[in-house]
Amino acid sequence: MNPDRFWLTDAQFARIEPHLPRDTRGKPRVDDRRVISGIVHVLKSGGRWIDAPPDYGPRKTLYNRYVRWAAKGVWTDLFHALASAGGPPPQVLIDSSAVKAHRSASGGKGGSATKPSAALAAGARPRSTR
C-alpha cells in the first residue's frame, strides 16, 4: 500500500463493512477495502477511472463495482446508515454538481463598466482608475 494514496483506515472500514452486500454469486469479490479506497480516490480527485493508480487494482473493477452498487442502491444505503450513526448531517453529503452558477455570474455582458460607489455618491474624492 502506497502511503501517499487514499486508504480507508481500520476504523473506517469497520464502520462500513456491515453495510456491504453479502449476496455475491460466482467468484468471490476482491478486497473490498482496496476497491472502495480506489473508488473514493477517483471521486475525490475528479479524475477518470482509467487514471486510477494501479495500487487499487484493475480500473475496470473500480468502475464496475461503483456502477453496480449505485444501481443496487448500496451507496445511498451506506451514506444514510453512516449519517444516522452520528456522522455528518445529510446536507454535507451533497455533491458539488448540484451547485450551478448562471453563465453571467462572473460579470457577463457589459464588460468592466464602472459603476459609482456609495462613497462617490456621498461626495468622497474619486480614486485613480489605474
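1. Contacts along the chain. Of the contacts in the protein chain with a separation of 6 or more, 52% are between residues 24 or more positions apart; contact means heavy atoms within 4.5 Å. The model is a predicted one, in which local features need pLDDT of at least 70, side-chain atom pairs count only at pLDDT 80 or more, and totals for chains, interfaces and linings use all residues. Residues are numbered from 1 along each chain as its sequence is written, and side-chain values use heavy atoms, with hydrogens and water left out.

2. Overall make-up. The protein chain has five helices and zero strands, in the order α-α-α-α-α. Helices (H or I, at least four residues) and strands (E, at least two) are DSSP runs, numbered from the N terminus. Of the 130 residues in the protein chain, 22% are buried. Buried means under 20% relative accessible area, exposed over 50%, and partly exposed in between, with a 1.4 Å probe and protein chains only.

3. The nonpolar core. Nonpolar side chains tend to be buried together in soluble globular proteins. Here the largest nonpolar core has 17 residues, and those with the most contacts inside it include Phe13, Ile36 and Trp75. Such a core is a set of buried Ala, Val, Leu, Ile, Met, Phe, Trp, Tyr and Cys residues joined through side-chain atoms within 4.5 Å. Two or more residues come from each of α1 (10-16), α2, α3 and α4 (74-84), and α2 gives the most, with four residues.

4. Ile16 and helix α4. Apart from its neighbours within four places in sequence, Ile16 is in contact with Leu8, Ile36, Leu78 and Leu82. In α4, the residues Val74, Trp75, Leu78, Ala81 and Ala83 are buried. The buried residues of this helix pack against α1, α2 and α3.

5. Helices α2 and α3. How do the axes of α2 and α3 cross, and within what distance do they come? They come within 9 Å and cross at roughly 85 degrees. Axes are lines fitted to C-alpha atoms, for helices over the stretch in contact, and angles run from 0 to 180 degrees between N-to-C directions. The two helices are therefore roughly perpendicular; angles of 65 to 115 degrees count as such, under 35 as roughly parallel, over 145 as roughly antiparallel and the rest as oblique. Asp32, Val35, Ile36, Gly38, Ile39 and Leu43 in α2 meet Thr61, Leu62, Arg65, Tyr66 and Trp69 in α3.

6. Aromatic pairs. Rings of Phe, Tyr and Trp (its six-membered ring) pair if their centres lie within 6.5 Å; planes under 30 degrees apart count as stacked, over 60 as edge-to-face and the rest as tilted. This rule gives five aromatic pairs. One of them, Trp49 with Tyr63, is edge-to-face, at 5.9 Å centre to centre and 70 degrees between the planes. Trp49 lies in the loop between α2 (32-45) and α3 (59-72) and Tyr63 in helix α3, so the pair ties together parts 14 residues apart in sequence. Trp49 is buried, at 18% relative accessible area, whereas Tyr63 is partly exposed at 39%.

7. Trp49 and Tyr66 form a tilted pair, 5.3 Å centre to centre with 40 degrees between the planes. Tyr66 is in helix α3, 17 residues from Trp49, and is partly exposed at 28% relative accessibility. Trp49, Tyr63, Tyr66, Trp69 and Trp75 form one aromatic cluster.
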